[in-house]
Amino acid sequence: MENEVKIHEVDRSLNNRRSFLKLSGLTLVTAGLVMAGCSDNDNDDPEDTSLPGIRNGVFDLGSGDFGVLTYAYALEQLEADFYTKVVNSTSFNSTFNDIERQVLTDLYHHEVIHRDFFKAALTGALPDPSSQLLPSLAFNYGSLNFNSRTDVLATAKALEDTGVAAYNGAGKLIKSPDYLLLAGKIVSVEARHASAIRSLINPNSKDFAGDDIVNVTTGLDAAKDPSKILPIAGGFITTKFTAQYLP
């Protein structure tokens, strides 16, 4: 899904912090993932369940490192699509105040970068990306009103909390140190997103790290397996796929 924001032109100058992130950070990491993929996963056996691809007529995410990266790519597609619709809503400027618009626009840029990064990394690392790369997904948000501050922030909260739990739960499935490092860097950003949204909903409160999300005994955030996350995300995703080899 190649979504482009319509009302916020992205500054492409080298001094822009988002451009700097793309050029100096993700490009280099992508190259590292391509090298790791070529050296550690050079297996184009169609029966290899670690590889994503069509099985029984439906795309399956696969297992192992590629399965986890493809799973993350699916979730990032959802988040990028959601925030693209948010910032392009007809009443974005009137529905949200200056701070809220800044936060939501930053989250839009981050999620689009994450989505495009996973697409580039998987395209370079998969043995046959033409058949093994998860396609661009389609989404349906039902009755969600993108012109409603309450609806948008509540959905953003659900998506960000779910995203953090998803990355936390998937960490144990990753074998490559490079991939694990990547997941750690992204989940920390997703956690910042979750905190920011919670603070917009209930300013000057402890909700940014509330007891409903941080365990009061251990001080740890939630971690959920893909089998717990995908039914939640699947409520918005209309493209059919399976994850029969992920726990």
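This is a short tour of a predicted model, stop by stop. Local features need pLDDT of at least 70 and side-chain atom pairs count only at pLDDT 80 or more, while totals for chains, interfaces and linings use all residues. Residues are numbered from 1 along each chain as its sequence is written, and side-chain values use heavy atoms, with hydrogens and water left out.

Start with the core. Select L61, Y71, F82 and F118: of the 63 residues in the largest nonpolar core, these touch the most other members. Such a core is a set of buried Ala, Val, Leu, Ile, Met, Phe, Trp, Tyr and Cys residues joined through side-chain atoms within 4.5 Å. Buried means under 20% relative accessible area, exposed over 50%, with partly exposed in between (1.4 Å probe, protein chains only). Helices α2 (64–87), α4 (98–125), α6, α7 and α8 each supply at least two residues of this core. The most come from α2, with 14 residues. Helices (H or I, at least four residues) and strands (E, at least two) are DSSP runs, numbered from the N terminus.

Next, select F118. Leaving out residues up to four places away in sequence, F118 touches L69, A72, Y73, E76, Y167, L182 and I186; contact means heavy atoms within 4.5 Å.

Move to D161 in helix α6 (residues 149–170). D161 is buried, at 14% relative accessible area. With the four-place rule again, its contacts are A194, R198 and I213.

Finish in two loops. Most residues other than glycine have a negative phi. N56, between β1 (53–55) and β2 (58–60), has a positive phi of about 55° and is exposed at 78% relative accessibility. N204, between α7 (177–201) and α8 (226–233), also has a positive phi of about 55°, and is exposed at 87%.
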